[in-house]
Amino acid sequence: MSKRILCKFFAHGACLKGEHCEFSHDWKDPTNNVCTYYQRGICSYGSRCRYEHVKASRPHPSASSSSALPPAETDLSPLPSSCFKQAWDLDSLDTFNPATAAAKPEEQPICSYAAAGDCPRADECPHIHGNICPTCGKRCLHPFRLEEREEHKIACEKKHKQLQALTLSQEIECCVCLERVLSKPTPAERKFGLLTECDHAFCIGCIRNWRSSSPSTGMDVNSTLRACPICRKLSYFVVPSVIWFSAPEEKKEIIDNYREKLRSIDCKHFNFGDGNCPFGTSCFYKHTVKPGSYAWKFHRPPPRRPRPSGSNFSDVDTLVNMIGNIISEGEYGTIGFEDSDDDELTTTDMMMLLMHMDHAYHDGRLEEVVLRHLDAEDGQTVIAKDIRLSDFLEDMHI
Amino acid sequence: MQQSRARLFKEYKEVQREKVADPDIQLVCDDTNIFKWTALIKGPSETPYEGGVFQLAFAVPEPYPLQPPQVRFLTKIFHPNVHFKTGEICLDILKNAWSPAWTLQSVCRAIIALMAHPEPDSPLNCDSGNLLRSGDVRGFNSMARMYTRLAAMPKKG
């Protein structure tokens, strides 16, 4: 059938398909000069089209089944008529306005030019112009789609708030480096470190550095390092945020989001049940017990192996300091404890103390020790016990 | 290193800007080394140090502001918390209560406050501390005033 229609490319002098072409390479056959766009309903060239704008009068492959005009949809044009109404398609707009006007108003899209800010046709635009959104000031509220309106309003307000917060955040300086946090050289540095207990601003790098710095000159970990450098309020963890908050609810949201995110990350200390996480059930990270792991088999964390040799701690202060170091070291320095609640801290601190007792035998005060996981629900979970001082002394040849 | 330098540079600019604002403190940076500073502070009024000008030397450590600057009096001063010979200062914020939010300027202010309110219970200068602890405020005042006259005041005539 198609062999009877002259090949377009052959007519222009070059058909790559040669004799395999499905169209006729015989000059005697008629050309197909019917505009296929017109057949489907619209042709953007209108009267200037070089193809014939006729209703399909004779059968030909592409238009054989198409009826003359939309909006009566055919198999060949499965798209709704509104899809053909493009803003640049001025002719078709005029032609097919009555068709669209017949549809329900809520099914018509609003003018995208007006929604973006400016419609060149203004009052003469055949499309509906949306109502002005009070937040963004653009004509993007569909007058008839109530749900869409509400959705836009909510999303727009949220965006607007974020933008405002970001603008305000630009001005905020870190009290440690005295620079504007969001003007730091690298993107990784352009983050705030929020302290849970007070509202002073720092960059995440500065506050983490300070909290993890070694207490060299007898600085107390709890009263100095983990306290806010300005108001000295004790905070147990630092929350990174790209934005500074202006209301307590916003701060809470940032902190909640952060903890939510951490909860989805596996704890590297817990190591799926094979490791020993110093934070126990208070850990911010996910503790997944893998089948076959130590915790899966014995329902308790694996024992901590005491270090074979170590420094000789001479008094309890050093021990406490050392534990403080451990608490404040590394990333746990910033997200150490879950609660600022005093009771919680004491148990956690005690847990830390007991778990690290193995370092402290050398001072000769402790004969034997039971390491308990005090943070476990019953408080009775034993991690390790009966590690004798004499064993250590032998090792050390004292 | 880079961080402390940047921060000290910030402080330097701040000092230049605030020069007029606080007439009691003159903070000067060493021409060649930003880690060495000197300060001239005026003795607070209604104290035996009134009228004296005291020179302080700052040595800023590299991890600054994570570690406090080392400050000592270059001018002799009779004060329970300042070592009479070395000029070393016993002040919690320069030791265990340091916070990176302090600046050199605020340290100077803290030292002025210390001059006005001595802590005789943690003395570096025992003689001075003992005078105060035994309640001899008059004796302490006259000693302090004498040393202020001798060391911290420009010689007359």
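Reader: What percentage of the 398 residues of chain A count as buried?

Author: In chain A, 23% of the 398 residues count as buried. A residue is buried if 20 or more other C-beta atoms lie within 10 Å of its own, exposed if 12 or fewer, and partly exposed in between, with C-beta atoms placed from the backbone. This is a predicted model, in which local features need pLDDT of at least 70, side-chain atom pairs count only at pLDDT 80 or more, and totals for chains, interfaces and linings use all residues. Residues are numbered from 1 along each chain as its sequence is written, and chains are lettered from A and ligands numbered from 1 in the order in which they are written.

Reader: What is the buried percentage in chain B?

Author: Buried residues make up 38% of the 157 residues in chain B.

Reader: Why does B:W102 count as buried?

Author: B:W102 has 20 C-beta neighbours inside 10 Å, and therefore counts as buried. This residue lies in the loop between β4 and α2 (104–116) of chain B. Leaving out residues up to four places away in sequence, B:W102 touches B:I93 and B:V107, where contact requires C-beta atoms, placed from the backbone, within 7 Å. B:W102 and B:P65 are 37 residues apart in sequence, with 8.1 Å between their C-alpha atoms.

Reader: Why is α8(A) said to lie largely in the open?

Author: The number of buried residues among the 16 of α8(A) is 0, so this helix lies largely in the open. Helix α8 spans residues 248–263 of chain A and reaches 22 Å from its first C-alpha to its last, close to the 22 Å expected. The expected span is 1.5 Å times one less than the number of residues.

Reader: Which helices and strands are counted in chain B, and in what order do they run?

Author: Chain B has 4 helices and 4 strands, and from the N terminus its elements run α-β-β-β-β-α-α-α. Helices (H or I, at least four residues) and strands (E, at least two) are DSSP runs, numbered from the N terminus. Chain A has 12 helices and 6 strands.

Reader: What makes β1 and β4 of chain B edge strands?

Author: The 4 strands of chain B form an open sheet in the order β1-β2-β3-β4, with antiparallel pairing. β1 (25–29) and β4 (70–73) each have a single partner strand, so one side of each is left without a neighbour in the sheet. The twist averages 20 degrees from one strand to the next.

Reader: How do you know that β1(B) pairs with β2 of chain B?

Author: Two strands pair if DSSP finds at least two bridges between them. 5 bridges join β1(B) to β2 (residues 36–42) of chain B, and the two strands run antiparallel. Within this pair, B:L27 stands opposite B:A39.

Reader: What makes a group of residues a nonpolar core, and which residues touch the most other members of the largest one?

Author: A nonpolar core is a set of buried Ala, Val, Leu, Ile, Met, Phe, Trp, Tyr and Cys residues joined through C-beta atoms within 7 Å. The largest has 66 residues, and A:C174, A:F202, B:L56, B:C108 and B:I111 touch the most other members. Its largest share, 7 residues, comes from α2(B). Beyond its neighbours within four places in sequence, B:C108 is in contact with B:I25, B:L27, B:A39, B:I41 and B:L56. A second, separate core of 5 residues includes A:I110, A:A115, A:C140 and A:L141.

Key
Axes fitted to C-alpha atoms, helices over the stretch in contact; angles between N-to-C directions. Contact = placed C-beta atoms within 7 Å.
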